[in-house]
Amino acid sequence: MMVKKLSEIHIRDPYILTVPTDKKYYLYGTEGSTAWSGQPVGFDSYVSEDLIHWDGPYPVFRPNPGFWSDHHYWAPEVYAFGEKYVMFASFKADHVCRGTEALISDHPLGPFRPLGDRPLTPPDWECLDGTLYTDEDGRHWMVFCREWLQVTDGEMYAVPLKPGLDAAEGEPKLLFRASDAPWSKAGEQGQYVTDGPFLHKMASGELIMLWSTGGAKGYTMGIARSTSGKVTGPWSQDPEPLFAEDGGHGMIFRDLNGHLRMTIHSPNVQPLERPVIYELAEENGRLRYVAKN
């Protein structure tokens, strides 16, 4: 394995899992070279103790023969779940709708195997970027995007999950549409994209969501806020984006010292996209990125 810096790792949709007992960070993402075309081999991970030097790649998911998807392996996110680790990732096949599936492993480096018998998203919807949220009552939800390919104005949904995360337990609830954000811009085909949701509790207890779409300067990430404090909303959109310089699909984590960090990919142009890490400051209910690794 090679030691690399983030500038040498070609992935999109970065996600970092902090494991304090290991004193390590695990980085996952969409393999850049096969993000849009070609057949991906699966998902890999990189491991670091300082967020600067990364060992890898380590193979964490390789599909078994007969796995239903053969392209567009996107946006893996990994969470500690009891004594196990669960991955949410999106997959696609010809004539099969894109969907987010749950996978499970005993270790952050896998091997991950499918948890249920099908994706957690509706089978006749084109969906992507499922992310896990557990509410105050301990109920698990997946927030995900329904693609503009079907609905033109991309939509954001929340669906309750069974306790084992192996299947949905109810109908998806519409949270908002991409055009609801005043800073969002339509694409060349009049489409509005929803992409990369991630939920975060502020120090005040306010529930916010990072999500990305098109903006004035390209790929842009903003913040939505739940006015009820619940994942089902209603959700309001901040008037200005958090990151507007052609980067996004962000997530927030705490480093081994307990400090808030955010990772995104930037720029949003193949083959230049790379993971970037920022320090975050929370001030008066607002997030501000203050330094970059």
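This is a predicted model: local features need pLDDT of at least 70, side-chain atom pairs count only at pLDDT 80 or more; totals for chains, interfaces and linings use all residues.
Which residues line the largest cavity? They are Asp13, Pro14, Tyr15, Glu77, Gly196, Pro197, His249, Gly250 and Met251. Strand S2 (11-19), strand S14 (195-201) and strand S18 (248-254) are the elements that give two or more residues to this lining. Sorted by class, the lining holds four nonpolar, three polar and two charged residues.

## The largest pocket

Now let us turn to the pockets. The largest pocket has a volume of about 640 Å³, and 30 residues line it. Closest to the centre of this pocket are Trp36, Trp148, Val193, Tyr219 and Asn268.

At least two lining residues come from each of these elements: S2, strand S10 (127-134), helix H1 (148-151), strand S15 (207-215) and strand S16 (218-226). Which element gives the most to the lining of the largest pocket? That is S15, with three residues. By class, the lining of the largest pocket divides into 11 nonpolar, 11 polar and eight charged residues.

## The second largest pocket

The second largest pocket holds about 500 Å³ of space. Of its 24 lining residues, Tyr15, Tyr79, Leu132, Phe198 and Leu199 are the closest to the centre.

S6 gives the most, with five residues. What is the make-up of this lining by class? There are 16 nonpolar, five polar and three charged residues.

## Strands side by side

To finish, here are two strand pairs you can find in the structure. Strand S1 (residues 2-4) pairs with strand S5 (residues 54-61) in the antiparallel sense, over three bridges. Within this pair, Lys4 has Trp54 in S5 as its bridge partner.

S5 also pairs with strand S4 (residues 43-48), again in the antiparallel sense, over four bridges. Here Phe43 stands opposite Phe61 in S5. S4 and S5 form a hairpin with five residues between the strands, and in this hairpin Leu51 takes a positive phi near 65°. As you follow a strand with your eye, keep one rule in mind: in a regular strand the side chains alternate between the two faces of the sheet.

Technical notes:
Residues are numbered from 1 along each chain as its sequence is written. Side-chain values use heavy atoms; hydrogens and water are left out. On a 1 Å grid over the protein atoms alone, a cavity is a set of points where a 1.4 Å probe fits but cannot get out, and a pocket is an open set with protein on both sides within 12 Å along at least five of seven lines; lining residues have an atom within 4 Å of a point. Ala, Val, Leu, Ile, Met, Phe, Trp, Tyr, Cys and Pro count as nonpolar, Asp, Glu, Lys and Arg as charged, and the others, Gly among them, as polar. Grid points are joined across faces, edges and corners, and a volume is the space filled by probe spheres set on the points. Two strands pair if DSSP finds at least two bridges between them.
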